[in-house]
Every structure is written in structure tokens, then in C-alpha cells.
Amino acid sequence: MNQMANMSGAHALIEALKRQEVKVIFGITGGAIMPVYDVLYDDTDVRHILCRHEQCAAHAADGYARASGKPGICMSTSGPGATNLVTGIANAYMDSSPVIALTGQVSTYAPNSSYMIGRDAFQEADIIGITTPITKYNIQVTKAAEIPKVVKTAFHIATSGRPGPVLIDLPKDVQTNCAEMDFSEKIQLRGYKPQYNPHPLQVEKAAESLVNAEKPLILAGGGVTSSNAFQELLQLAELLMAPVATTLMGKGSFPENHPLSLGNIGMHGTRSANQLILEADVLLAVGTRFSDRSTGNLDSFCPNAKIIHIDIDSAEIGKNVDIDIPIVADAKRTLIAIFGLLLNQLKKRKDSVWSRRVKEVKEQLQNNLPNGEGKGLKPKDLLIELRKILPEDTIVTTEVGQNQMWAALHYQVLKPRTFISSGGLGTMGFGFPAALGAKVACPDRPVLDIAGDGSFIMTEQDLACSVMENIPVTVIVLNNSVLGMPAQWQRLFYNRRYSAVNLGHVPDFVKLAEAYGAKGARVESQEAFSRIVRDALRSDVTTVIDVPISSEENVFPIIPPGRGLNDMAVG
Amino acid sequence: MKNQKAHIIAAIVEHKPGVLYSVSNMFRRRGFNIDSITVGPSEQEDLARMTITVKGEDKTLEQVIKQMNKLIEVVKVSRLDPENIVTREMALIKVHVSKTEARSDIIDYVEVFRGRVIDVSPETLMAEITGTSDKIDAFIELMKTFGIREIARTGITALSRGLKSVRIEE
């Protein structure tokens, strides 16, 4: 197609999306977005996946984005369609995921009619007002001719710098109006220029501290994944002989079977990570925002360390933790620059005093993480077993709560972008639709959701989407029949006063799966678990595996809320 | 509250609908307090200028500026150096005037403050005062003895002295 053409706003939208190489849209139609769906009816290039709730569409787009590294697209109608996207958008915002949300809106103006923006028309919601604090950028299109430029701008903002969700609100008349569309128009953003290259002086300072460090430790966050800096992180860690701890968002940025890997830090971090970070003399933090769940009480976080912080978002520097050497830049470019300087000054070693200490701590602490007290199948054993069963490139998503923290603690992630979890917002119901999105992005790889019964039930209706759209994934429901994490807190901090956490044994997840045309299976033993998971991976339809576990099972270690990393309870 | 200095921030923003909302919403959600905010066109047609007064420690101010910079529609943000700026605020003050002597006293005060009387009625008098916020506070304090009916203040607006500027070079 030429750069100029006369067409409707809806046609221009789809054309502009194709120019951004969009292949898939997750969504649900409705009154105010029907002109766009009418265009999709004839379109053979863009696959539309009909979700059963807009929240799932947003999470699926998020899962697609995290698995592929490309923006994920979700779409809904105005009003309730748009507000149902909100949880998914907030989730993408907290975890810096490039999601593009397209929402229908009531018309800006319709002659002799009251259906106009601002008049409380049917299914009108101020989605721009609602999503301003949870999007990187949002915009309501007021003229059809603006669509090509708006789409270009949205993709640029969502995917550059620190990625994040962008919402485009499309009034119905803007979709139907025809205009001369110019697809060649350049975008201009005077107020947005991400800083990719690190300042050479800051890189020198960082390199100098690292050369002189006796006990350097690297803390890797989600920014390593966003900038695809896995290789660079690995080579720097090996040169420095520096152990690597990750935040929940950073899990997967460093192979967890590597001798220098410590696993996660934080509230449910590993004992070795939380121990060694307290001993470090230089902390190199890469693409992390020092969330409260990672740092614990700030007064006892890294008391002796000089802190180097690399982040592309300057507002993250000094927001939570005081920084000695800030570097506002892309993680990958900065790690390359630091490595370049260190290579001249450090020799590759087999080991060091510090690396022997790391090994010692890992042997002492890592391997004796306690199993829970409850009877029956143990989440820890199941997750360790799972690692043996699953191919390395399997994408694992999680729900939120105990299931998620068990997975973070016990399931080793070996490859980048193969662990997808709701880190910042902690959205129950995220894992299953995110798995669907990941499977659409990577159809040749197994995708598996580690779930709890409480979370899975929040979005299980999209089993219908998974069956109808042929998106086979595996859901493992660690079913303790309670809202497990609140129950654990009530057990530990509220005198076992179990307030509103009992879910009963409802529903029967096997029957539930079958009702949707998916497969259901119940696991009663560790042997059966392995066999059933293997079957599920080969299945061409989604399998829900119900794994009854004790409701008394705890996640340990835990840093009690408000306490520091030195205050770990292990059981 | 220690070290809660008032800082004046000047921001050049895209002159578009919704920008004031983005900025004020960011302040609200992050718990920053706006003492006053003034918005108007800048020397460039498609850019507007905001002058915001914020109270807080230096660390808070740093976060305010960084978080403002992060907004896509905000093109430039600077804290104005308090040693090197001119600040002005304008206020309209409507006072009850029952007695004739009071009326002439008020007019004298307005003159001392280099203000102007801009409306009179049998029961009221309206004065316009321009100056620093302290000067306006002082004038309002004086007027309290007469009985204030209404006050409208613009909030602080400010520019750096000399060549130092917060502007976008074209």
C-alpha cells in the first residue's frame, strides 16, 4: 500500500497495526468498537483471539509481550469493556511490559443525538482519566486522520526506554469517518528521549569500584530481560566471580543452575541470597526498582555495600534506596561498557575468597530449605520434579500467592523469558491468560501455568478461549482449598484466626476442565504427577491438573513484613 | 516536618488537553503536595508553562522533578534558583466598607502597597495587589480588621533573572 490513502479510521487502525508487524489481537467486541471488528471480518493477516473476559485479553497480551519481547495487543469496547482491561493494564505497568490497549469509546459528536463524550452516554467511561496513572502514555484520538501517527507513537513509547503499556481510546465516529491517511508521517516527541548510552565517567567509576571490590554481588531485575542483556550479565558475573541474585522480575535473567546463581532475594528469597547480599561490599543493581518485597526494611538492606544502580528510568535512581554510583542508561550497553573496562584490569580466575564463601553459603543454606509440615504432596518436591520433566525452553507462568513463591523458590529457570509472573501488582488470575498469550507467541514450545486454586478460579473462564482457539497449555493447580498466602499470614501473624480464606473443595477442577472441553486430571502421588504432566505436554488440548496439597503448607523462608533481610524465618 | 522548604519549579509542557491532569494526578498519586500551580501559554505557541510551588525535603524535590520529566507531555522541568528569580503573585481582595473613614484608610493602605482600587460599591471595595506572596499576605492581614468578603489569588509565577531561562530552543 502507498504511504497515502483514503480510508476509514477503523481501516487505518488495522493498516497501521500491520505496519507495526502486529499478528495477533486479544479482545472482545462490543458496541463502540464494532467498526474495527467489521474490518477484521475480512482481514486474513491479523489473528483475533476471542477472550471471555477483557482482563484475560490484557493479561494474554502481557504474556505474549513477555514471552516474545514484542508488544502485545488487547482490544475492548468502551465502558465496562475498557474498565475490565484496567487490572491487566495496571499489571503491565507495574512490570514494565509493552502492552498496547485499544478501547472503543462513544462518539465525539453525533448530530441530533446525545451520544457524545462527556454526556454519560451508554457504556461511556472516562478510560483516559482512569488509566492515566497506570499507563506510560494514553491518548484519545479525536480525528480519524490522526490514527496512523497515534499508532506509531504508541508503539514507539511502549517499546522504547523503560517499556510500558499505552492505551489508545477510539471514539466510534473516529473509527467510521474517512480521511486521507498519511502513513509516512514522522512522530515527534519533544518530551521523550530515553537515554540509552551510559555516561562514560559513571561507567569508569562503576568499573573502579568493581575492580576494588572484595565481595561484589549483582542484583538483576526485570530490566535485564527488557534490554535482553542476559549474555552480558553472564560474562560480567563470571569475570568478577560475583554471585547473582535476582528480584522476582529478574528471575530468568541468569541461569539458576550456574554456580554463581543465588536465586531470588526478598521476602521469600533464598537463604543464600538474603545472607550474601548483607555481606557484599559492592552491589551492582541492574534494572531493578528496589521494591519493598525485594529489599525488606531499608535500614538493614545492604548495610556495608557501595551501590551501583543501572536503570534506564532516571526516576528509579534514589527513589527507594540511596545510590552511590547512578547510571541512567540501557542495561545491555552499560554492562558491555563496564565489561570492556574490567577486561583490561581483571584476569579471569577459577575462584576467589569470595567465590569460595558463596559456594560454602550455598551448600550450607540452599540445599536444606525446609519442606512444609503439612501431609501429602509437597509443593517443593513437585517443583523440583517439574524441572526434571520440562524441556529447558518451557515457558512457565505463575498465578499469585503461595504457588508463585514456591515456584520462585524451587523451580529453577534456565533460559531468559521462560518465567512469567505478576511481580509488581501481584494479580491473582494472571498466570493462566498470560500462559495463553505466551503460547500464542511461542506455539512450538510447551507452556505451563503453576497455579493455586484461589487464583485460577479468577480467570478460569478463558479455558473456553483456550479450547476454541486451539491454544493448548498446562495448568497445575496446587490445590490447598484455601487462599493460601493470606491463610499463611493468619497462621503466622494473626493467631490462626482464619478469616475468609476457606474455599472448600469447590469446584472440582477435573470436571470444570471437562465442562469446557479441556482435559482434567487429578494427581494423588509424585509418580502420577510426572506421568500426567508428561501427557499434558503432549496433549493438543489444554490440561488442568488438580494437585491436592495440605492447607497447612507454608512458604519458607519468609521475612516478616516490615523486617529486614537479616530477619528471615525459615520454618 | 524538618527542612520543608518551598521550591519553585518551572515546567514547559505540550499545550494539549489533559496535560494539567497528568501532572496534577502524578502529584496526587505519589503524595507530593502542590502549594500553588499556575499555567499559561509560553513564548512558543504549542508549549505551555507551569509554575508549581512544592513543599518538601530536597530528596522529595528531586523525585518530583524526575517524575515530572517522566511524563511524555512534559518537555522540560527545572527548579528555579531562589537566589536568582523574580516571583510575583496577584490577588483581588474585596473588603466590607460600612463607614466612610474606613474607606479612605483602605485606599491609603492600597497606595502604600502600590495596588489599585478596581471596584467600589456602597458596601464594598475591591483592591488589586501584585507582588511577592509575603507582600500579599501582609496586605490581607491588614484588611482583616475591616472585614474581608472575598479573596482570589493567582498563585506564584516566576522567571529566572537575566539570560538563564527554562525554554525550548527551536
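Let's start with A:Pro507, which sits in the loop between helix 20 and helix 21 of chain A. Helices here are DSSP runs of H or I with at least four residues, strands are runs of E with at least two, and both are numbered from the N terminus. A cis peptide bond joins A:Val506 and A:Pro507, with omega at about -5°. This is a predicted model, where local features need pLDDT of at least 70, side-chain atom pairs count only at pLDDT 80 or more, and totals for chains, interfaces and linings use all residues. Residues are numbered from 1 along each chain as its sequence is written, while chains are lettered from A and ligands numbered from 1 in the order in which they are written.

Staying in that loop, A:Val501 lies between helix 20 (484-493) and helix 21 (509-515) of chain A. For the cut-offs, buried takes 20 or more other C-beta atoms within 10 Å of a residue's own, exposed takes 12 or fewer, partly exposed is in between, and the C-beta atoms are placed from the backbone. Leaving out residues up to four places away in sequence, A:Val501 touches A:Val482, A:Leu483, A:Pro486, A:Ala487 and A:Gln490. A contact means that the two C-beta atoms, placed from the backbone, lie within 7 Å. Going from A:Val501 to A:Pro326, you cover 175 residues in sequence and 44 Å in space, C-alpha to C-alpha.

There is a cis peptide bond between A:Phe556 and A:Pro557 too, with omega at about 0°. You will find A:Pro557 in the segment after strand 20 (543-548) of chain A.

Now, a few backbone angles. Most residues other than glycine have a negative phi, and most peptide bonds are trans. A:Glu21 has a positive phi, near 65°, and lies in the loop between helix 1 (9-19) and strand 2 (24-27) of chain A. A:Glu21 counts as exposed because it has 9 C-beta neighbours inside 10 Å. A:Arg417 is not a glycine either, and its phi is positive at about 60°. Look for A:Arg417 in the loop between helix 16 (402-410) and strand 16 (419-420) of chain A. With 20 C-beta neighbours inside 10 Å, A:Arg417 counts as buried.

On to helix 4 of chain A. Its 15 residues, 80-94, should span 21 Å at 1.5 Å a residue, and the end C-alpha atoms are 22 Å apart, which agrees. That expected span is 1.5 Å times one less than the number of residues. Where does helix 4 of chain A bend? At A:Val86, by about 35°, taking the bend as the angle between axes fitted to the seven residues ending there and the seven starting there. Among the buried residues of helix 4 of chain A are A:Leu85, A:Ile89 and A:Met94. Their cover includes helix 3 (54-68), strand 4 (72-76) and strand 5 (99-105) of chain A. Just after helix 4 of chain A, A:Ser96 takes a positive phi of about 55°.

Helix 13 of chain A, residues 331-343, gets the same kind of check: 13 residues should span 18 Å at 1.5 Å a residue, and the end C-alpha atoms are 18 Å apart, which agrees. Its buried residues include A:Leu335, A:Ala337 and A:Ile338. Helix 8 (200-212) and helix 10 (230-240) of chain A are among the elements covering the buried residues of helix 13.

Next, a helix pair. Helix 11 (residues 271-279) and helix 14 (residues 353-365) of chain A pack at an angle of about 145°, with their axes 9 Å apart. The axes are lines fitted to C-alpha atoms, for helices over the stretch in contact, and angles run from 0 to 180 degrees between N-to-C directions. Helix 11 of chain A contributes A:Arg271, A:Ser272, A:Gln275 and A:Leu276 to the contact, and helix 14 of chain A contributes A:Val358, A:Val361, A:Lys362 and A:Leu365.

Last, chain B. Chain B has 4 helices and 9 strands, and 27% of its 170 residues count as buried. How many residues of chain A are in contact with chain B? It is 14 residues of chain A, against 16 residues of chain B.
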